[in-house]
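Me: Could you walk me through this structure? I am new to it.

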Amino acid sequence: MQHILNKIQSDHWVVMGILNITPDSFSDGGQFSRVDNALRHALEMHRDGAEVIDVGGESTRPGALVVSLDEELERVIPVIEKIRENSDVAISIDTSKPKVMQSAIEAGASMVNDVNALQANGAIEVCVKHQLPVCLMHKQGESLTMQDNPSYVDVVDEIKHYLIERAGHCIKAGLPKEKIVIDPGFGFGKSLKNNLSLLKGINEFCTLDFPVLVGVSRKSMFGQLLGRDVDERLVASTSAVVIAYNNGARFFRVHDVAETCDALKLCEAVK
Ligand code: 7PM
């Protein structure tokens, strides 16, 4: 995983493919076909150009109900093991729970992606113990209510300072600076206007000298702006990636890997 972060720091782009594991995703029968279908999707995204697969049990989504520890482990661990058995692609674990981080690392994950920026008790310790790269994401409020009334004085400035503070905390606890990725958290306690300000101002995060991850894929900001359903947001999502690239971002968390890689190859060729 470290070579991937180094690549971003030397101005190359990297795509992270989203693999959401929910009770109804990838299921046309029992546990075996579910894990098999998830593996197939992960391998397809890797073949399409994703260098990291982000495996998540959907406990961290805006509006999501709480998922128990056992339920989350049951969803993600068999899938991580299966990917690890079949491929060398880097795996990140999208969770806020230290115990899920620990089990995922044992199963083969080499990065932690936490929308709570490692604020749970024990989360930093797990990552420090394994010296694992982490993505620290900003969110405002708690998942069920965060979209009700987002409020900022200066959205870019506030989020920047939050991420600097969280990164400093991790470094002080023993995580090398080179292992820290920051993410403004599009859609997590942000209005449409806030999200557009963040996209326009993404360079202010990039100049902090941490790799910046941008996750805008199919998000409701495009529904609000365009009145499009979630399966009609490919053009807007990919366009937002191009805008973020041109403003300095190099790390992108997306559903539509092949299309995003095409756009990024064009961006790079033009640059
Ligand atoms: C429902 C609402 C389902 C929102 C899924 C989501 C990010 C993330 C997510 C992000 C990082 C999604 C989100 N978004 N992790 N996890 N950055 N680091 O669209 O923007 O996948 S969940």
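**Salt bridges and ligand**

Reply: Glu 51 and Lys 7 form a salt bridge, with their closest N and O atoms 2.8 Å apart (a side-chain nitrogen of Lys or Arg within 4 Å of a carboxyl oxygen of Asp or Glu). Lys 7 belongs to helix α1 (residues 2-9) and Glu 51 to the loop between α2 (31-48) and β2 (52-56), so the pair ties together parts that are 44 residues apart in sequence. This is a predicted model, where local features need pLDDT of at least 70, side-chain atom pairs count only at pLDDT 80 or more, and totals for chains, interfaces and linings use all residues. Residues are numbered from 1 along each chain as its sequence is written, and side-chain values use heavy atoms, with hydrogens and water left out.

Me: How many salt bridges does a search of the whole structure find?

Reply: The search finds twelve.

Me: On to the ligand: which polar side-chain atom lies 2.6 Å from an oxygen atom of the ligand?

Reply: That atom belongs to Lys 219. An N or O atom in the side chain of Asn 113 is 2.7 Å from a nitrogen atom of the ligand. For Asp 94, a polar side-chain atom lies 3.4 Å from a ligand nitrogen. A polar contact is a pair of N or O atoms within 3.5 Å.

Technical notes. Polar contact = N/O pair within 3.5 Å; in protein donor to acceptor, adjacent residues only side chain to side chain. Helix = DSSP H or I, 4+ residues; strand = E, 2+ residues; numbered from the N terminus.
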